[in-house]
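Here are a few friendly notes to read alongside the model. Please keep the viewer open as you go through the points.

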Amino acid sequence: MSPSKIQRPVKKCLCFIRFRDKHTELNEIYWQHVIGSKTVIRALQGIEGSKSAVESLGISTTKQEYGLSVQETIDRADAYLNRARLHILAICCANLESFLHEAAFCYILSLGHKANPGKLTVVGEALGSPILDYNSLPRPLEYSKHLFGVDFGDRDQVIKRAYKLRCAVVHNGGVVLARTKKELKSAQLALNSKLEYSWGELKSVLEAVYEVAAIIEGKINTR
């Protein structure tokens, strides 16, 4: 389901606005990577492969800063975009984590569990603990369905699998370890290879994450 099909109130909560702005920026950043990569490759076409890429492009970047040749730069273009997609995935997960924290805090306040300005009551803290006390995504995402009384459909499964990829990127640089194969349940991944991630896969996660946040926002704004 596309974000446009999610029914949302006209008035938006501040935490959703912050989430949305960051989320939109991720899409822009990715396509800037794509445009930049295609532009560089086009500019290097027809130049002797052994020459310095930066000298051939005539830019201020030095060979000490980027030492790859023209041919190496062309050959690694796809790998470069692959890594960019994985890095954006990691930020996307972090953005949803932040939104869940802020949304849960605001929602629990709206239920009347307010001690002092910016502070929950003991009951409120206990109610929000499964989200507010965890920085990893899976548990807060699962508990949010119960806290907000919402249904994410299959979106939460899409996001939970994406989070496993995120962990592989953040903790071991995207290199496939035995643990990675086990967590992703993929015998096809070769040990010590680098994870690959297509635009189609990233797009499906970006959509799922946005839709989950929009569903929660709708619940908050009904209070």
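1. Of the chain's 223 residues, 40% count as buried (under 20% relative accessible area; exposed is over 50% and partly exposed in between, with a 1.4 Å probe and protein chains only). This is a predicted model, in which local features need pLDDT of at least 70, side-chain atom pairs count only at pLDDT 80 or more, and totals for chains, interfaces and linings use all residues. Residues are numbered from 1 along each chain as its sequence is written, and side-chain values use heavy atoms, leaving out hydrogens and water.

2. The chain has nine helices and two strands (DSSP runs numbered from the N terminus: H or I of at least four residues, E of at least two). Along the sequence they follow α-α-α-α-β-β-α-α-α-α-α.

3. Helix 4 and helix 7 (residues 155–172) pack at about 120°, their axes 9 Å apart (lines fitted to C-alpha atoms over the stretch in contact, with angles from 0 to 180 degrees between N-to-C directions).

4. Which residues of helix 4 meet helix 7? Leu86, His87, Leu89, Ala90, Cys93, Leu96 and Glu97 do, against Ile159, Ala162, Tyr163, Leu165, Arg166, Val169 and Val170; contact means heavy atoms within 4.5 Å.

5. Isoleucine 91 also lies in helix 4 (residues 77–110). Isoleucine 91 is partly exposed, at a relative accessible area of 47%. Its C-alpha atom is 31 Å from that of threonine 121, 30 residues apart along the chain.
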